[in-house]
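Here is a walk through a structure, taken one region at a time. Have the viewer open alongside.

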Amino acid sequence: MPRINSASELEELRKGVLSERDPDKPCIAICAGMGCLGLGNGRVISAFEEEVNKKDLKTKVDIRATGCHGYCEKGPMVVIYPEEICYVEVTPKDVPEIVSQTVLGKKVIDLLIYTDPDTGEKAAHQSEIPFYKNQMRHIIGNNTKIDPRSIDDYLAVGGYSALSKSLLEMSPEKVLDEIKKANLRGRGGGGFRAGRKWETARNAPGEEKYVIVNAHEGELGAFMDRAIFTGNPQSVLEGLIIGAYAVGSHRGFIYTRHDTPQLKNNIDMALAQAEEYGLLGENILGSGFSFNVEVHLDIGIFVSGESSALMRSIEGNAPEPRPKYIHTSVKGIWKKPSVLNNVETWANVPLIIDNGSEWYASTGTARSKGTKLVSLSGNIVNTGVAEVPFGTTIREIVYGIGGGIPKGKKLKAVHFGGPIGGSIPESLLDTPLDFDELAKLGASIGAGSMLVLDEDTSMVDVARYFLDFLSNESCGKCVPCREGIRQMLKILTNIRDGKVREGDIELLEEIAEVTGAASLCALGKTAADPLRSTLRYFRDEYETNIEKMKRPAEKRE
Amino acid sequence: MAAGHTFEPRILGFLCDWCCYAGADLAGVSRFQYPPNIRVIRLMCSGRVDPAHIFRAFSTGQDAVFIGGCHLDDCHYVTHGNYDALSMVYICKKLLEHIGLNPERLRIEWVSAGEGIRFANTMNEFVPRIEKLGPLGRGEGIDEHELTFKLEAVTKLIPYIKLVQSERLRVPDRTEEAYNKFFTSEEFNRLFNELIGDKLALSQIMALLRERPHSTSEISAILGLSPSEVSRHLNVSARNQTVETGTVDNDKIDRIINKHQGKAGSLVQVLLEIQHENHWLPQEVLDRVSKKLDVPLSRVMQIVTFHKTFSLIPKGRNEVHVCTGPSCYVRGSTRLLDTVQNLMGIRPGETDPDSKFSLETGSCLGCCNLGPEIIVGGKHHGRVTPDKVKDVLKNYE
C-alpha cells in the first residue's frame, strides 16, 4: 500500500478507491456485531459465502461482514445494497432465496422484512423501520456501509478528511477552539467538557503528553462503545489523532476489554492499516506531526474504567484509583498530562471538524450538543443501540424506538448509568435526554445504558442488585466505599429476606450520604446513587416491604 | 499361582503379652493344629502397635498383619490400650483401602490367655483367606514398584496421621459399639477424606515424582485419581514450592514476555496473555514473569489477586460464564444460574471433579438482546431458559 504524504494524495487515493467501486454492484452487508454473533450470524455469513461461490458470483457480488447495525433484537441483520433492502432474523436456510430473489432478481422477499408487531405494517428499508426511523445516526450510521477491517471502506465514506483538514489547514489552537465551540461533552459518564480537558492538558507543563481512548465500557448494559469501536474503529482513531494534535501529544493509548477478541482484532487491524497509509506514525500526511498508539487490555474489573485507575493500569499497576486533587489532565500516566476520553467522544471529533462546530451545535439542547448513543436493554421489545439527538424525550426512546414493554406490561422505571446511575419513574418519562436535566433528577446519564424495568420489577431488588455488584468490584482501597457498600447491601438483603428493623431506611440514607461524601473515586461517590434514586421515587416500595415484614412478626408476639 | 509354586503367605503377628500371646502359647501346648505362617512379636500391650510397625511389615514383604489383644474392657492396664489398637486398626484399614490394598490383610482379634482354641481357629480361618488374596500387591494387581512407593507414601504420612487420630478421630466413649459405630459412620469417612485422603494423594504424588518427572495424566493413571484432582494437588504443592510443575511451555512464556518487554505496563499485558493461553497461572510462571520483567513477585501477586480474571488454580476444559448483568438479571438469570449450578454440581468460581466445566458469573458482555445468556468457551448462547440449558451444556466434552 502507498504511504500518503499530503492532502492531495489522500484525495487521490479516495478517488481511486471510489472509482474502483461500482455503486450498482450488489453488496450483502451482514451484521457481525456482538449481539448478532450470539444469534448465529457466523453461520449466516458462511452460508452467503458458500452460496455466492456456488452460483459463481464472486466477482459480481460483494459480501461484507460489518459492525453492529444497532437493532440487535432482530439479528442477524442483512442489508442488500444498492437497494438497501433490510432483512431481519435471517437464518442460513434463507440465504439461497435472498441471493436468487433479491441480489439477482432485485425482488423483496416479504417474509423476511420487518413487520410491525402492532400494526402489521411491513418495512423493506432500514429507514422505514420504527426502530431506525426515529434516530439520528451520525456516528453509528456508517456501520452498515463499511467493513471494519478495511480502511478503504472508511475512506470511501469520507474518512480521514477531518484529519487532513485539521493537520494541514488548522492550527492546534483552532482545532481546540472548534471542539470548545461545539461544546462537546464527555460521553463516558461525567459529561465533562472535552474542550476544557484538552486545553488543561495542552497548557500543562511538560513536553510529554498522552491521549487515551477509554474503551473499557464496564457499565453494565452499555454496549454502544463496542458497537462503534468494533464496527468503525478508524473513526475513533481519526478522532484520537486529531485530539493528539490539538493537545500536543505524540503518544496515545487505547484501553479496551480483554474479553472481546473481535474488538481487539479490529482495533489492531485498524492501527496496522492506518500506519501503512501513513496516517499514524511519523510525519502524518506530510504535516510534520507524529503520533503512535498502543493497545492495552483491561483485567476485567469495573473500577479500571475510572480515569486514574485506568492510567495506573496502563502503567502496569493494579487499577486502584488515586485522589484527584490534581486532575489527570495535568498529572496522569507517569505523572504526565493525559487526556482520557470515551470512545463515543473521540468518534464525535471528526464530525465536528468535518462539518464545523456550528453544524454540530445545532443539534441537541442548550447545554448538551450533538447526538447520544444509548443502549436499550432489560424489559424492552427492541434491545439494541440507538443514536438520538440530545433533547429527545425518554418516552420517545422507550416507546418510539424501543417499541415499549414486552407482553403488554406497564413500564415502572428506566434506569440510567448502570451500577452508579439512577432510575426515573414512569411519571418523568417526558424528561429530555440531557446531561444536566437527568442529573437533576438523580439519574445521571452515565455512558448511556438504559435499563427498562417493567411493573413486575422490585426496585428494592434492583438497588440491592447493583450494590451486590459493586461490593465485588470495589477495589477496597478506601474504607467508606468498601465498608459503606457492604453495610448498605447487608441492610437491603435483610429487607429482602424479611429481617427488617425500625429505622432501616433512615440508616440506609445516612450510610449513602457518608459513602458518597467520603469515598475516594467516582465508584464510591456514586455507589449509592441507584439506592438514593429508588428511595427518592419508590420509597413506598421500601416502606410496604417493611410493613409487610412487620405484620406477621406482630402477630407472633 | 504360577506353575508348581504354592503361595505361602507370610504373616506377622503382634500379640499382647497378657492375653493373646498366652493364648497362642496355650494353643501350642494344647497341640491345636493351625497353619504355621505366622511369625510372632510379643508386646506388652496391643495398644503399643504403631501404624509405622504395620506399614513397615508390609514394606518388608509381609502379606498380612495380625494383632491380638485382650478382650475389650479386660486390658491389663488402666489405659485400656486395646481400644487404641482398635481405632488404629480401623484407620490403617482405611489407609490400605485408599492405596488399593485389601484391608482384610490387617486383622485384630481379642484372645484371652485361656482361649487357645480361639487363637487356633482364628489362624485356621485367616491364613486360607490370605492365601486366596495372593501375595501383597500382586493379588490386587499392583506391581512391585508401585507398591513400594505407595507404602512409602503412607509411611511418610504416619506422624501426621497419628496427630490427626489423637486430635480429630477420637471416640469419646470407650465402648465397642461406640467405636464400631464411629468408624463405620459417614462422619468418619468424611473426616478421613478431608484430613488424610488429600494428604495421602499428595504424598503419593510426591513419592512418584521423587523418582522421575511425570505428566499429570501419567500420575492420574497410576494413582487412579482424576486429572483435575492431580492438578489441584500439584498446584497446592507448587505454591508450597515442594513440586515444580512443568505444565507450561517455557518457550511460549518467554515469547509472550519478549513481545511485551520494554512496553509500558507490560506486566498486566503479559499476565493477561498467559492467562488467555494457559487458562491459569502456575507459580513457576509467576516467578518467571517476575524475574524476566524485573518486577518483584509481590507486585505480580498484587495484580493477579486483584481480580478474578486471573486464576491461580487450573480451570476446566470449558469455561462457562453465566451473565449476571442487569438486563439478564431482570430477564431471569438468577434461575438460570441456579439450574446451571445444579446441573454441574459446582458453584461459581469452582471447577467440577472431571475438569469438564469451570463456572463463573460475570457482568455484562453487551449482548443484552440475548439475555439471559450463557457463554461456554467464548461461544454465546442466547435466550437460554432454565429448561434449555441442559441441551446447551451436553454439547461440551
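In what order do the four strands of the open, parallel sheet of chain B stand? The order is β2-β1-β3-β4 of chain B. Keep in mind throughout that this is a predicted model.

Now for the pairings. Strand β1 (residues 11-16) of chain B runs parallel to β2(B), with six bridges between them. On the other pairing, β1(B) is joined to β3(B) by five bridges, again parallel.

## Around β3 of chain B

Is β3(B) enclosed or open to the outside? Six of its six residues are buried, so β3(B) is largely enclosed by the rest of the structure. In a regular strand, side chains alternate between the two faces of the sheet. That pattern can be followed residue by residue here: B:A64, B:F66 and B:G68 point one way from β3(B), while B:V65, B:I67 and B:G69 point the other way, and all are buried.

## Two helices of chain B

Packed helices are described by the angle between their axes and the distance between the axes. For α2 (residues 51-59) and α5 (residues 144-167) of chain B, the angle is about 175° and the axes are 9 Å apart. Angles over 145 degrees count as roughly antiparallel, and α2(B) and α5(B) are therefore roughly antiparallel to each other.

Which residues do the meeting? From α2(B) there are B:P51, B:A52, B:F55, B:F58 and B:S59, and they face B:L151, B:V154, B:T155, B:I158, B:I161 and B:K162 of α5(B). Sorted by class, this contact has eight nonpolar, two polar and one charged residues.

## The mixed sheet of chain B

Chain B has another open sheet of four strands, ordered β6-β5-β7-β8, and here the pairing is mixed. Its edges are β6 (357-362) and β8 (379-381) of chain B; each has a single partner strand, so one side of each lacks a neighbour in the sheet. Neighbouring strands are turned by 25° on average, direction ignored.

For an antiparallel pair, look at β5 (residues 318-323) and β7 (residues 374-376) of chain B, which are joined by three bridges. In that pair, B:H321 has B:I375 of β7(B) as its bridge partner. Helix α15 (residues 333-344) of chain B lies across β5, β6 and β7 of chain B, at about 155° to β5(B).

## Where chains A and B touch

How many residues of chain A are in contact with chain B? There are 36 from chain A, in contact with 29 of chain B. On the chain A side, the elements giving two or more residues include α2 (34-38), α13 (307-315) and α18 (459-473) of chain A. The largest share, four residues, comes from α2(A). By class, the chain A side divides into 15 nonpolar, 16 polar and five charged residues.

Eight of its nine residues are buried, so α13(A) is largely enclosed by the rest of the structure. Among the buried ones are A:S307, A:L310, A:M311 and A:R312. The buried residues of α13(A) pack against β7 (210-215), β8 (251-256), β9 and β10 (338-342) of chain A, together with α11 (266-278) of chain B. After α13(A) comes A:G316, with a positive phi near 100°.

## A buried loop residue in chain A

A:L279 lies in the loop between α12 (261-276) and β9 of chain A. With 27 C-beta neighbours inside 10 Å, A:L279 counts as buried. Leaving aside neighbours within four places in sequence, the contacts of A:L279 are A:I4, A:Y160, A:L163, A:A274 and A:I284. A:S164 is 115 residues away from A:L279 in sequence, yet their C-alpha atoms are 9.3 Å apart.

Notes: Residues are numbered from 1 along each chain as its sequence is written. Chains are lettered from A and ligands numbered from 1 in the order in which they are written. This is a predicted model: local features need pLDDT of at least 70, side-chain atom pairs count only at pLDDT 80 or more; totals for chains, interfaces and linings use all residues. Two strands pair if DSSP finds at least two bridges between them. A residue is buried if 20 or more other C-beta atoms lie within 10 Å of its own, exposed if 12 or fewer, and partly exposed in between; C-beta atoms are placed from the backbone. Two residues are in contact if their C-beta atoms, placed from the backbone, lie within 7 Å. Ala, Val, Leu, Ile, Met, Phe, Trp, Tyr, Cys and Pro count as nonpolar, Asp, Glu, Lys and Arg as charged, and the others, Gly among them, as polar. Axes are lines fitted to C-alpha atoms, for helices over the stretch in contact, and angles run from 0 to 180 degrees between N-to-C directions. Angles under 35 degrees count as roughly parallel, over 145 as roughly antiparallel, 65 to 115 as roughly perpendicular and the rest as oblique.
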